[in-house]
Amino acid sequence: MNAAPISVKPILATGGALLALWVSSFALSYASLGTWALPVALAIAVVKAVLVALVFMELAHATLSMKLTVLAALALLLTLMALMVADVATRGT
Amino acid sequence: MTEATYLNARTTIRSWVLTTDHKRIGILYLVTLIFALVLGGFFAMALRIEHLTPGHTVMTAMTYNRSFTLHGVIMVWIFMIPSIPASFGNFLLPIMVGAKDVAFPRLNLLSYYLFITGTVMVLVSMFVGGIDTGWTFYPPYSSSTPTAIPTALLGVFVIGFSTILTGLNFVVTTHTMRHEGLGWMKLPLFVWAIYATSIIQVLATPVLGMVLLLVVLDNSLHWGFFDPARGGDPVLYQHLFWFYSHPAVYIMILPGMGVVSEVVATFARKNLYSYRAIAYSSFGLAFVGFLTWGHHMFVAGMSTFDAGAFGVLSMLVAIFSAIKVFNWTWTLKGGAVALKTPLLYVFAFLFLFVFGGMTGVAVAAMSLDVHWHDTYFVVAHFHFIMVGGTLTAFLAAIHYWFPKITGRMYSERLGLLSAALVFAGFFVTFFPQFLLGNAGMPRRYYDYPPQFQPLHIVSTAGSWVLATGLLITAIYLGHALFRGHRAGDNPWGSRSFEWRTTSPPPTHNFHATPPFDIDPYDYTQPLPGTDDDPAAEKEAA
Amino acid sequence: MSDTTVLAPQEHFATIEQQAHAARLGMWVFLASEVLLFGAIIALFTSYQVHYPDAFRQGVDHNTKLLGSINTGVLLTSSTAVACSVHALRAGKRRLAGLLVAATIALGAVFLVIKLTEYAKHFHEGIYPGGAGSFFQVHHARGLPEFWTLYFGMTGLHALHVTIGLTVLGVLLSRIMRAELGAASAHRLELGAIYWHLVDVIWIFLWPLLYLA
């Protein structure tokens, strides 16, 4: 994992992709997507976050222990949100 | 003493309070923890005395409320959460992986002082108004009570920060500092237990920190995150609080299970029945522990769908606990069992943990919990797990590693006697509380109807037996600290890694390369350096 | 402890590689705990959003969308800059690395200035945390105060992390300029950069939640 990427090109390409996604997300917020607006915006956010993590934070080249650390944190975060939101969403009046 | 050890390397006060040696930091924690145990125990005794008679006995209702809150806060956050990991984990984990120290020694010292800062803040809150919410700090009451909520909660927040940094240090140490050739499957099981605990600490504690900050903002600036008048929902506080505080039970119990694994193997002189089952079930518990928090909220207004899901998920805990218990008992079967003080405490642990665990499965069933919720039944249940589990394991650890840490030995007869007293006192204190709760005695009530008095008196009497047992322990251990006879490097004839260096260990833990070629639970071949041990000779013969 | 080009590990480490590995893993574990810290308040936000969809819709529509969106671009650019600086320092281009870190810090400062401008606008409209202010005398939707309180809570906590990140990058910049950090010790800059990226990633999620939809 010390074998850092040799070229600066992937970094610049990722930066460009992030800005393109940023613009498209902003533009899509003016399309009348209704209930789909938030899922679409969050999906774009996930793509951006994955790009930052894999390329900028070099998670793609990281050791297994680092990848597992991130996965464990994400799994628990999703568990927290899922079971908490499930309560609010399934309560009667 | 001619040999250089971590104790006599340098002896100035400065060399202790600014030490970065993980063993000395472990001792600093141990001393602080015992102080916290005494203080929390003092409040517990006061509460039990108050309940000798219905109505007013020795304190006012307000003092009672503040006392049970402080008892809970001190015991949970200042004693039990850090107990075994911060003291024995710090002392032993680097030795057990064959390292000279933890990965970040200065961060380790910082953790200790953060812990002290948080502790002082909690204690200061006692004098600037106290807190009367119970250790769970539920809003809306905690958002509006004029007592010292901000001081106490920020204190717990700082302690949480210390917990996170300690956990981080242990995770990184286990990953990156293992001695060459020491794979995961060769590590002592105590390391697995501490590692699994550390993961919970790192990932659950920030959620507690966040939610406590929100309550502080609600209480001091009236932001109303959980204020129904502003559309807030106090049940969501309980979700976030228990997302941390249920896994916190595993922060308390998993290290205890690590101690039990070490003690059982050493005193049965046998390889554990299944190393992998014990190691992996620690992770099973750590993971499942994150899925069960809702069982604290069955009657809080949570949806029936969520409550049903949490009820089923909670029962999964029993599977992984049972895997461990059956492994330990099967290991003891047919072993050359030496009934020493640490093992007697482990027997107490097994009995109380199984008893408390079974009642836990019962309260995880929603229909039963509706009857038992917020009664003494629940109080008895979690004391069986937290005191009967963590405290007995902590005492087992103190006795088991006393010769490792100090190089001296305590009186075995007094050890066995006080272990028996602690067990009996504990059982007499808390068993009547199951009956009280089932009969309808609510928890945290100052007053009670006269028909409950006999059981309350039995419970209070039990608490005195328990305190006597702990007092005797303190006296003979204090005596042994200075006057105990030299224990030798490996008095129990254990194979585990921490016994393969001198007792007490030198500053850098090992005199030469750590001799780890024989596995930590392998009693089939003689261990060089311990063959003069009579027990080992018998085994070899 | 000052660094020269030849680095000796601290005494409890066997090699400098082991030390760097420990430092990296330590940073990732710390970031995992940060994720859960922000996760807790985001989970609270999401729960209230499910409970009060209309009030939260109103809140988002009323937010300073343009300024928040510009800030997203600012942070994404700053992340790219700091990633390039790590690359430059590894290649031995210390001067370029320093310039890029300085650019990152400048962009971070711009972010904070814009953020404070937004706060000033909210206060001007009578929007304060806790449902205080004249705005809430007119807008009564149940749940609306929670949207704004959580908005201030989440962006405030994020701004605090931006400030910490800027401090860390400032220290690293001064060490690069004094030639205390070079190709051999690039992993130190890398750790600061990873932290900055996390601050960026959190904003990537706050932006759609609070401004877009």
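Start with helix H2 of chain A, residues 37-56: at 1.5 Å a residue its 20 residues should span 28 Å, and its end C-alpha atoms are 28 Å apart, which agrees. The expected span is 1.5 Å times one less than the number of residues. Helices here are DSSP runs (H or I, at least four residues), numbered from the N terminus.

This is a predicted model, so local features need pLDDT of at least 70 and side-chain atom pairs pLDDT 80 or more, while totals for chains, interfaces and linings use all residues. Residues are numbered from 1 along each chain as its sequence is written, chains are lettered from A and ligands numbered from 1 in the order written, and side-chain values use heavy atoms, without hydrogens or water.

**Stop 1: the buried residues of H2(A).** Select A:Leu38, A:Ile44, A:Val52 and A:Phe56, which are among the buried residues of this helix. Buried means under 20% relative accessible area, exposed over 50%, and partly exposed in between (1.4 Å probe, protein chains only). The buried residues of H2(A) pack against helix H1 (9-28) of chain A, and also against H1, H3 and H7 of chain C.

**Stop 2: the interface.** Show chains A and C together. The contact (heavy atoms within 4.5 Å) takes 43 residues from chain A and 47 residues from chain C. About 3900 Å² is buried between them, 80% of it from carbon and sulfur atoms. Buried area is the accessible area (1.4 Å probe) that two parts lose on being put together, summed over both. Now pick C:Trp28, C:Leu76 and C:His87. In chain C these three lose the most area to chain A, together 16% of what that side buries.

**Stop 3: the link across.** Which residues meet in a salt bridge at 2.8 Å, N to O? Select A:Glu58 and C:Arg90. A salt bridge is a side-chain nitrogen of Lys or Arg within 4 Å of a carboxyl oxygen of Asp or Glu. The rule finds one across this interface. A:Glu58 is buried, at 16% relative accessible area; C:Arg90 is partly exposed, at 24%.

Stop 4: C:Glu190 lies in helix H7 and C:Arg90 in helix H3 of chain C, 100 residues apart. C:Glu190 is buried, at 5%.

Methods
Helices (H or I, at least four residues) and strands (E, at least two) are DSSP runs, numbered from the N terminus.
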